[in-house]
Amino acid sequence: MAGALMAATASNIGAMGASFPPLRRPLLNFPSPHRKISSPLLCSVGPSSQVGPLRSQVLRRNVLSSLFTATIFPQLGLSGVSIAEPANEFKEYIDIFDGYSLLYPKNWIQVRGAGADIFFRDPFVLDENLSIELSSPSSSRYMSVEDLGPPESAAEKVMKQYLTEFMSTRLGVRRESSILSTSSRVADDGKLYYQIEVNIKSYANNNELAVMPQDRIARLEWDRRYLSVLGVGNNRLYELRLQTPENVFVDEEKDLRKVMDSFRVINSVD
């Protein structure tokens, strides 16, 4: 009986797998999308042909999660197991030594050695991630996020920092950037936080060594939205960074804003 059930289930999984495009496996050794402010950032850039399917990856992630949790695993007697948690469920991350806390999507995975203090990424939409950057405790004496000036001035600094990190030695590479929004808020901990959103597009020539200008056609490599939350505590500047492809932002906006709103700077433990 058990053998027949396993065979039937395997057949069902095989049949359903044929109707879905193959899943992209998470890359565990990837160039870091974010590094410490003191070092240059290496960014994993995919070809422009990958931009279109990104939104379908979000949908496939949600469909597969529901499908396996509701039908496949119960047939195998694994009713308490899920392939991935729904995107609107979150886990809390608290770092009492560096002094911050946040919520992150429960199905995101932590990647170690990414250069940031902490780094999480979506295992399906590989260009979607979050990280925390901290100023050095020995060289910074921040008293308030207002030390950066008003939110508009802080946004200029944030965007300039992103462009510096994205500098490329490749011929024919061009970046376009714009500040989408700036705001400030006092959270329930009584601290002031700045929220900043910028858009950055990367263009590259398809034939950078061509002699004639008409043979050097610029194409869009990637188009991303970067959301930052800035806070100050423990005499340090904290920055929560969120990155997402622009064409999936509408689908992911609610979850990303929940992460932004959850970010808190807390007293660190020496």
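Two strands pair if DSSP finds at least two bridges between them. That cut-off is applied here to a predicted model.

Q: How do you know that strand E5 and strand E9 pair?
A: Six bridges join E5 (residues 129–134) to E9 (residues 236–245). Pairing needs at least two bridges, so E5 and E9 count as paired. The two strands run antiparallel. One of the bridges links Ser 131 to Arg 241 in E9. Asn 129 has Gln 243 as its bridge partner in E9.

Q: What makes E4 and E5 a pair?
A: Four bridges join E4 (residues 118–121) to E5. The requirement is at least two, so this is a pair. E4 and E5 run antiparallel. Arg 121 has its bridge partner in E5, namely Asn 129.

Q: Which strands form the open sheet, and in what order?
A: Seven strands form the sheet, in the order E3-E4-E5-E9-E8-E7-E6, with antiparallel pairing.

Q: Why are E3 and E6 said to stand at the edges?
A: E3 (109–110) and E6 (173–186) each have a single partner strand, so one side of each is left without a neighbour in the sheet.

Q: Why is E5 called mostly covered?
A: Buried means under 20% relative accessible area. Six of the six residues of E5 are buried. Asn 129, Ser 131 and Glu 133 point one way, while Leu 130, Ile 132 and Leu 134 point the other way. In a regular strand the side chains alternate between the two faces of the sheet.

Q: Which strands does helix H4 lie across?
A: H4 (residues 249–262) lies across E5, E6, E7, E8 and E9. Its direction is at about 165 degrees to E9.

Note on methods: Residues are numbered from 1 along each chain as its sequence is written. This is a predicted model: local features need pLDDT of at least 70, side-chain atom pairs count only at pLDDT 80 or more; totals for chains, interfaces and linings use all residues. Side-chain values use heavy atoms; hydrogens and water are left out. Contact means heavy atoms within 4.5 Å. Axes are lines fitted to C-alpha atoms, for helices over the stretch in contact, and angles run from 0 to 180 degrees between N-to-C directions. Buried means under 20% relative accessible area, exposed over 50%, partly exposed in between (1.4 Å probe, protein chains only).
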